Amino acid sequence: MANVWKIGSRWSAKGEWKSCILSIFRRNNIVFIGSKETERFRNKDVQEGDYFAIADGYTVVAVAKAISNPFCMT
């Protein structure tokens, strides 16, 4: 069975409304993560076929499915 992961769409430390990048996720069909959550991706805990619940800070506003294994873009 696939895992379900929650991803926040706000990049600021305080989570202000203006820091929400959900539109970038939707427009490009890609999810960016940062901070300590990246360890799960580096450890290969996240795999192709896993699901993501993308939240705006209060509610889940989008659901996504990984179509490939995660990789670093830097």
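Which residue of strand 3 does Ala 55 stand opposite? In the predicted model examined here, Ala 55 stands opposite Val 60 in strand 3, and this pairing belongs to a fold in which 2 helices and 3 strands are present in the protein chain, arranged along the sequence in the pattern β-α-α-β-β.

Strand 2 pairs with two partners. With strand 3, which spans residues 60-65, strand 2 runs antiparallel and is joined by 5 bridges; the two strands form a hairpin with 4 residues between them, and in the turn Gly 57 adopts a positive phi of about 115°. With strand 1, by contrast, strand 2 pairs in the parallel sense, over 5 bridges, and Val 4 is found opposite Tyr 51 of strand 2. Strand 2 is mostly covered, with 4 of its 5 residues buried.

The largest nonpolar core comprises 10 residues, namely Trp 5, Ile 7, Ile 21, Leu 22, Phe 25, Val 46, Phe 52, Ile 54, Ala 62 and Ala 66; two or more of these residues are contributed by each of strand 1 (4-8), helix 1 (22-28) and strand 2 (51-55).

Over the protein chain of 74 residues, 27% are buried, and the chain exposes about 5800 Å², of which carbon and sulfur atoms supply 55%. Among contacts between residues at least 6 apart in sequence, 47% join residues at least 24 apart.

Key. Residues are numbered from 1 along each chain as its sequence is written. This is a predicted model: local features need pLDDT of at least 70, side-chain atom pairs count only at pLDDT 80 or more; totals for chains, interfaces and linings use all residues. Side-chain values use heavy atoms; hydrogens and water are left out. A nonpolar core is a set of buried Ala, Val, Leu, Ile, Met, Phe, Trp, Tyr and Cys residues joined through side-chain atoms within 4.5 Å. Buried means under 20% relative accessible area, exposed over 50%, partly exposed in between (1.4 Å probe, protein chains only). Contact means heavy atoms within 4.5 Å. Accessible areas come from the Shrake-Rupley method with a 1.4 Å probe; for residues, only the protein chains shown count as cover. Two strands pair if DSSP finds at least two bridges between them.
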